[in-house]
Amino acid sequence: MDSRQSIIQCALHELESKGLSGFSLRAVGVAAGLSAMAIYRHFKNKEDLLRAVGEEAFAAYRQRVANIPEGPIEEWLRLVGREYVKFALDDPGRFDACFVLKTQAERIYPQDFRAGKSPVISLMAKKIEAAQATGQLNSGNALEIALLLWAQLHGLAMLHRSGRFSLNRNAFLALCDRAIELIIRGLTCIPTQPSARTRRQLR
């Protein structure tokens, strides 16, 4: 791992443990075993480092989605939704850098989303539009549908993290699966059931 990547990794750990209010270049440098001058060789200031952390976090999330296999739109949406929740549970530092903290890498609705600056939401909207064109999904604004699914799961993830659920991991993931299923039922023209492969992957 080169110095720049090491700094970003340490910055992620600092954000996870101390939050944005306790984040500083000095603390990151200490964690990385580097001097302040070494940090400044890679990043102009704290804001520049935060932006790099946000972009790295988004890249990690995009890779998770890219690893989801192609399949029917209903199945693909289920797996994307499940992956978002797992990202929140398994990688909270990067999740916060993407979807909670202001790092200057966050995407702002509607301008950034309409401009395609959110690759995952853009991909979701594209797949939804294609399914609408072939009659698999009901008509509607594809971007807003993608945002609805995202917002539903984000809300559940944040409630879980704030201690509002007395559920273990598997029970919480099952609750999120049911929430996704309710949204998909409202979108599909013909009621569907998860395929056997989807049921295995959702376990």
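Predicted model: local features only at pLDDT ≥ 70, side-chain atom pairs only at ≥ 80, totals over all residues.
Me: Where do I start when looking for empty space?

Reply: Start with a probe. Rolling a probe the size of a water molecule over the atoms shows where empty space is left. Here, the largest pocket has a volume of about 300 Å³.

Me: How many residues line the largest pocket, and which lie nearest its centre?

Reply: The lining holds 23 residues. Nearest the centre are F58, C98, F99, F113 and W150.

Me: Which helices each supply at least two residues of that lining?

Reply: The helices are α4 (46-66), α5 (73-90), α6 (92-99), α8 (119-133) and α9 (142-161). The largest share comes from α8, with four residues.

Me: How do the lining residues divide into nonpolar, polar and charged?

Reply: There are 17 nonpolar residues in the lining of the largest pocket. Two are polar and four are charged.

Me: Now the charged pairs. How many salt bridges does the count come to?

Reply: Look for a side-chain nitrogen of Lys or Arg within 4 Å of a carboxyl oxygen of Asp or Glu. By this rule the count comes to twelve.

Me: Take K18 and E14. Where do they both lie?

Reply: Both are in helix α1 (residues 3-18). They are four residues apart, about one turn of the helix.

Me: Is E14 buried or exposed?

Reply: Use the cut-off: buried means under 20% relative accessible area. E14 has 10% relative accessibility, so it counts as buried. K18 is at 44%, so K18 counts as partly exposed.

Me: What is the spacing between D48 and R51 in helix α4?

Reply: D48 and R51 are three residues apart, about one turn of the helix. They form a salt bridge, with the closest N and O atoms 3.5 Å apart. D48 is buried, with a relative accessible area of 18%. R51 is partly exposed at 33%.

Me: Which parts does the pair R94 and E56 tie together?

Reply: First, the contact. The side chains of R94 and E56 meet in a salt bridge at 3.0 Å, N to O. R94 lies in helix α6 and E56 in helix α4, so the pair ties together parts that are 38 residues apart in sequence.

Me: Are R94 and E56 buried or exposed?

Reply: R94 counts as buried, at 15% relative accessibility. E56 counts as buried too, at 18%.

Me: Which residues are linked with E56 in a network of salt bridges?

Reply: D91 and R94 are linked with E56 in that network.

Key. Residues numbered from 1 in each chain as written. Heavy atoms only, no water. 1 Å grid on protein atoms, 1.4 Å probe; cavity = no way out; pocket = protein on both sides within 12 Å on 5 of 7 lines; lining within 4 Å. Points joined across faces, edges and corners; volume = space filled by probe spheres on them. Nonpolar A, V, L, I, M, F, W, Y, C, P; charged D, E, K, R; others polar. Buried < 20%, exposed > 50% of the residue type's maximum accessible area, 1.4 Å probe, protein only.
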